[in-house]
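Please open the model in a viewer and keep the selection panel at hand. The stops below are arranged so that each selection leads to the next.

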Amino acid sequence: SRRVVIIGAGIVGTNLADELVSRGWNNITVVEQGPLSMPGGSTSHAPGLVFQTNPSKTMTLLAKYTVEKLQSLEKDGQNCFNQVGGLEVATTPERLEELKRKHGYAQSWGIEAHLTSPEECLKKYPLLNKDMVLGGLHIPSDGLALAARATQILIENTRNAGVRYLEHTVVTGIEQADGHVTGVTTNNGSVPADIIVSCAGFWGVEIGAMIGLKVPLLPLGHQYVKTTAVPGLEGRGVNKKINGMNAEFPILRHQDQDLYYREHGEHYGIGYYGHRPMPIVASSLGVTPKHVDEKNMPSRLDFTPEDFEPAWKTTKELLPILRETEIADGFNGIFSFTPDGGSVVGQAPNLDNFWVAEAVWVTHSAGVARAVAETLTEGRSSIDIAECELTRFEEVQLSPEYVSETSQQNFVEIYDIIHPLAPKENQRNLRVSPFHARQQEQGAFFLEVGGWERPHWYEANAELVKTLPAEWQPVDRDAWSSKFYSPIAAAEAWKTRNAVALYDMTTFHRFEVSGLGAVHLLQRLTTSDVSKQPGTITHTLLLNTHGGVLSDIFVSRLEDDLFQVGANTATDLAYLAREARRQDKHTPGQWAQVRDITGSTCCLGLWGPRSRDVIRTISSDDYSNKGLPYMGVKKTSIAGVPVTMFRKSFVGEYGWEIQMTPEYGQRLWDILWQSGKPHGLVAAGRAAFNGLRIEKGIRASGIDMTSEHNPWEAGVTYAIQLDKKADYVGKAALRELSRKTTPRTLRCLTVDDGCSMVLGKEPVFFDGQRAGYITSAAFGYTVRKPVAYAWLPMSVTEGQSVEIEYFGKKIKATVTRDPLHDPQERRLRG
Ligand code: FAD
């Protein structure tokens, strides 16, 4: 098989070697700068608490697999996971509510979880101060990973299977030719490679720099202490030879004070995130010594007791028995943080066959390793890992300033209660559209996405709410779903459906694909025939080889060899650019170039039944169905401003996306504004947009559907052409899938009481049994009910009743045929 070099023998690198071996790959070398018996990275001192449940389905499933794997990893009759369970306690009413939400996530992702009363918490954890605890969340399958031991067993097992390990060997360079890797340079010579995977943990930045790759992680110090023996626990676990098996109480989290706890036999281990962020540059740590031990390893810095003082005080309150102990040992251990808290996993956009799997917790380690191994051997991961994709960041998010500040913020907020829409506090106003000044004048409320400022509603429309017809009046919401929301959105939605509204679409990704090989490239990667006449737009899909949905994109043919792609993520760009590079530059008809034009263009959505009236007075061009039919595109001008008009809509109304270069942006806004005012034009934001999108049944890639889903299940069959002449990625798999029945499908739900909101990721119950989970949800202004999409078994059909759990309460909803708005597309097509 292909020659693989893995850099780093921590919990991630060794798991990866094992996952590759188990898939039949046998030419693997692991290069480790430290001694194999204790390499000295984060794994060497990780206390190994595994709390699996996370708002992210991906992270939860990666953790779930890690638990299973560690349980199956045995030596001397003992595996590598002590399943003591996990207990998170609430000491504030807000945390109690958060635990209810978390209980919902656990159910959504298939983890057994129980909300527990203060009495039950005490029963499970007698050391707790009963006066402090308001309740808890107990997860029986959580526990302690014996990470260092697992690493040693994995080294032994994989070595027996033929994996080579080079210890005390420092990778100092990456060798490459023709855009792909050929080997690694080390202090002991070169090691040839067809594939390199950097599992270098917090040294990832340095390894990335060897190929000019910015790896967005920041090493930070994090305090961990062990106490002297706890009275009452003396002798606990002395007969357990294996460290980690000498614990009996559940692992414990006191997130209101940034603390977590585990037992080490008769001692206690305490981890603290409440201290100041302590950023570190890995290269400053020097060479890993020949002899590493518990006290002397590069990932362990000296303890700073003053930073731990508040933690020690709080600990003695929560666990009063610890008042009788002292801190026996403490250190500031180093591990990686990232701008959004996710791992960084994937292939480098600038060098083929160079992969990274970094910023990975022990909790997710085997899951991430399996995902990489599956991707390398089978072309895809069974768990969607888009949220961990190395290429998910925008260029501006890769700057050292951005990575440093946002990763530190993540450290500070690691246990905070964070609303899904909450924006970053710092690193704001990095990217603003040319309409920004006008938006501010209209009182825009901005949230942030990909470094962009994006209006969610406009305070200038507040007065309109009072004038809304009774059936459009906004309904009351609960406190949580009211955050980062305004009832003004109802007025903006009303205007969109009944007059006309202006949406800033600049933040959407736009790429230009050009060259004689552009058609070939796009035909090869997309599910529809995009080789239509110039002037047409095709809504199509990017699939993986297994038929899973990577993204839905809009391909507009502007000229014979010039296309514009409307895409979802920076990962889409990396994928298209890599595939373009793979086409032969030297063969006529093959050469294609992909260029990100998001920042060099801007875009306004002008949508609503009166949008034609707005345009008619300022442009003499023909905007009739004949002049620019639905899904048509043309270059033209509006009041002298050169624009490209795309006849499409995300909100299900007649109108256009009007694209121009930024220097004209403000002028065009003003022109549309003036022309639109007599027709009732307003500026509208993302809050209204979401509601309108959802009732039009438009699926959001990465949220409603991921690479785990095929197009039939996801209800995007309109975008697949099995009879397309050209072969394309995923076509063979689609053929196979078309012959199979699918066990699940994405369903539209409407909330029966017309007012109870959910936000996404909540569990759905059918006949009292957990049946699926919500993907996205919003208030459907036109249908006057909250609307949600949910993955459900095929057997749950239209008209049937389900329940959604929100903060522990059950909300009744009905499975409804979609789209709810304009199913015949009369309004859209005009
Ligand atoms: P590492 O274990 O750091 O392995 C990377 C390896 O790469 C190292 O051995 C290093 O020597 C090698 N390497 C680097 N550069 C080179 C080079 N140029 N050439 C050759 N080799 C190289 N996680 C949890 O899930 N639960 C917890 O409770 C938990 N608690 C923690 C507590 C503390 C105090 C700390 C510091 C971390 C904790 N973590 C926890 C995080 C966890 O330890 C890490 O995320 C995890 O161990 C990272 O594993 P890794 O294999 O990616 O990295």
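Buried means under 20% relative accessible area, exposed over 50%, and partly exposed in between, computed with a 1.4 Å probe on protein chains only. Asn15 counts as buried because its relative accessibility is 1%. The model is predicted, so local features need pLDDT of at least 70 and side-chain atom pairs count only at pLDDT 80 or more, whereas totals for chains, interfaces and linings use all residues. Residues are numbered from 1 along each chain as its sequence is written, and side-chain values use heavy atoms, with hydrogens and water left out.

**Stop 1: Asn15 and its contacts**

Select helix α1, residues 11-21, in which Asn15 is found. Helices (H or I, at least four residues) and strands (E, at least two) are DSSP runs, numbered from the N terminus. Display the side chain of Asn15 together with Ile11: a polar atom of that side chain lies 2.9 Å from the backbone oxygen of Ile11.

**Stop 2: the ligand**

Select the ligand and the 36 residues around it, of which Glu32, Ser42, Thr43, Val360 and Thr363 come nearest. Here a residue is near a molecule or strand if one of its heavy atoms lies within 4 Å of it. Backbone atoms can be picked out next. A backbone N or O atom of Ser42 lies 2.8 Å from a ligand oxygen atom, and a backbone N or O atom of Val12 lies 3.1 Å from an oxygen atom of the ligand. For Val171, a polar backbone atom is 2.9 Å from a nitrogen atom of the ligand.

**Stop 3: Thr288**

Move to the loop between β17 (267-272) and β18 (300-301), where Thr288 lies. Is Thr288 buried or exposed? Thr288 is buried, with a relative accessible area of 8%. Show Gln33 as well: its side chain and that of Thr288 are joined by a polar contact of 3.3 Å.

**Stop 4: strand β21**

Select residues 354-358, strand β21, of which 5 of 5 residues are buried. In a regular strand the side chains alternate between the two faces of the sheet. Colour Phe354, Val356 and Glu358, which point one way, and then Trp355 and Ala357, which point the other way.

Strand β13 (residues 195-198) runs parallel to β21 and is joined to it by 3 bridges; Val197 stands opposite Trp355. Strand β20 (residues 344-347) is antiparallel to β21, with 4 bridges between them, and Gln347 stands opposite Trp355. The hairpin of β20 and β21 has 6 residues between the strands, and in this hairpin Asn353 takes a positive phi near 65 degrees.

**Stop 5: enclosed space**

Rolling a probe the size of a water molecule over the atoms shows where empty space is left. On a 1 Å grid over the protein atoms alone, a cavity is a set of points where a 1.4 Å probe fits but cannot get out, and a pocket is an open set with protein on both sides within 12 Å along at least five of seven lines; lining residues have an atom within 4 Å of a point. Grid points are joined across faces, edges and corners, and a volume is the space filled by probe spheres set on the points.

There are 2 cavities of 30 Å³ or more. The largest holds about 80 Å³; select its lining residues, including Arg454, Tyr458, Asp504, Phe508 and Phe689. β23 (452-458) gives the most to this lining, with 3 residues. The second largest cavity, of about 40 Å³, is lined by Pro474, Val475, Arg477, Tyr485, Ala490, Phe779 and Tyr781.

**Stop 6: the second largest pocket**

Finish at the second largest pocket, which has a volume of about 760 Å³. Of its 34 lining residues, Lys696, Gly697, Gly715, Tyr718 and Glu825 lie nearest the centre. Two or more lining residues come from each of β26 (536-543), α19 (711-714), β35 (744-751) and α21 (826-829). Strand β35 supplies the largest share, 4 residues.

Methods. Two strands pair if DSSP finds at least two bridges between them. A polar contact is a pair of N or O atoms within 3.5 Å; within protein, one must be able to donate a hydrogen and the other to accept it, and residues adjacent in sequence count only if both atoms are side-chain atoms.
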